[in-house]
Amino acid sequence: MNDLLQSGQKAPDFSAKDQNGNLVTLSDFSSQWLVLYFYPKDNTPGCTTQAQDFTASSSEFNALGAKILGASPDSETSHCKFIEKHNLSIQLLSDRDHKIAQAYGAWGLKKFMGKEYMGIIRSTFLINPEGAIAHAWYNVRAKGHAQVVLKKLKELRSL
């Protein structure tokens, strides 16, 4: 796993396709706040909860000038089905080769039921309009996390 990103560091550049096959890059969000979160898999309980929470809070994020992007190793087709099934309003990136997750330190060794394997470490990054990491969360709990991120964004915007 890469070193963990810290506040103030430049956010690693990325480009990936979203659920509609559109190429999305970090520079698409210059001059606005960006919430970039990594999750393991579409349609799993924790990931669904997290996506629904971000969707439920999306109008508050929008009002603060922030865009929400989710990223996982799932395909664009899987993302479309996930969005449709759960009526999600967030944009999802397909990070099939884990390159973006690796750049953000969100890909690493995990343990489950005594087995070790490489996978997505549930992580979220708040990126400021200048393209720097404003705050990073690693190993987050899915439930209630969107509100934690929203609270931090409000704090940072009021500085």
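1. Two strands are taken to pair if DSSP finds at least two bridges between them. Helices (H or I, at least four residues) and strands (E, at least two) are DSSP runs, numbered from the N terminus. On this basis, strand 6 (residues 107-112) and strand 7 (residues 115-120) are antiparallel partners over six bridges, and Gly 108 has Gly 119 as its bridge partner in strand 7. The two strands form a hairpin with two residues between them, and Met 113 in the turn has a positive phi of about 50 degrees.

2. The model is predicted: local features need pLDDT of at least 70 and side-chain atom pairs count only at pLDDT 80 or more, whereas totals for chains, interfaces and linings use all residues. Residues are numbered from 1 along each chain as its sequence is written, and side-chain values use heavy atoms, with hydrogens and water left out.

3. An open sheet with mixed pairing is formed by seven strands in the order 2-1-5-4-3-8-9. Its edges are strand 2 (23-25) and strand 9 (133-138), each of which pairs on one side only. Neighbouring strands of the sheet are turned by 30 degrees against each other on average, direction ignored. Here and below, axes are lines fitted to C-alpha atoms, for helices over the stretch in contact, and angles run from 0 to 180 degrees between N-to-C directions.

4. Strand 1 runs antiparallel to strand 5 and is joined to it by two bridges, with Leu 93 of strand 5 as the bridge partner of Asp 18. Strand 4 and strand 5 pair in the parallel sense over four bridges, and Gly 70 has Leu 92 as its bridge partner in strand 5. From strand 4 the chain crosses through helix 3 to strand 5 in a right-handed β-α-β crossover (with the strands pointing away from the viewer, the path from the first strand over the helix to the second runs clockwise).

5. In a regular strand the side chains alternate between the two faces of the sheet. Both faces of strand 5 are covered: Gln 91 and Leu 93 on one side, and Leu 92 and Ser 94 on the other, are all buried (under 20% relative accessible area, with exposed meaning over 50% and partly exposed in between; 1.4 Å probe, protein chains only).

6. Contact means heavy atoms within 4.5 Å. Helix 5 (residues 145-157) lies across strand 3 (33-38), strand 4, strand 8 and strand 9, and runs at about 160 degrees to strand 9.

7. Helix 1 (residues 45-56) packs against helix 5 at an angle of about 40 degrees, with the axes 8 Å apart. Helix 1 is therefore oblique to helix 5 (under 35 degrees counts as roughly parallel, over 145 as roughly antiparallel, 65 to 115 as roughly perpendicular and the rest as oblique). Gln 50, Asp 53 and Phe 54 of helix 1 meet His 145, Ala 146 and Val 149 of helix 5.

8. His 98, in the loop between strand 5 and helix 4 (99-103), has a positive phi of about 65 degrees although it is not a glycine. Asn 139 lies in the loop between strand 9 and helix 5, and its phi, near 55 degrees, is also positive in a residue other than glycine. At 61% relative accessibility, Asn 139 counts as exposed.
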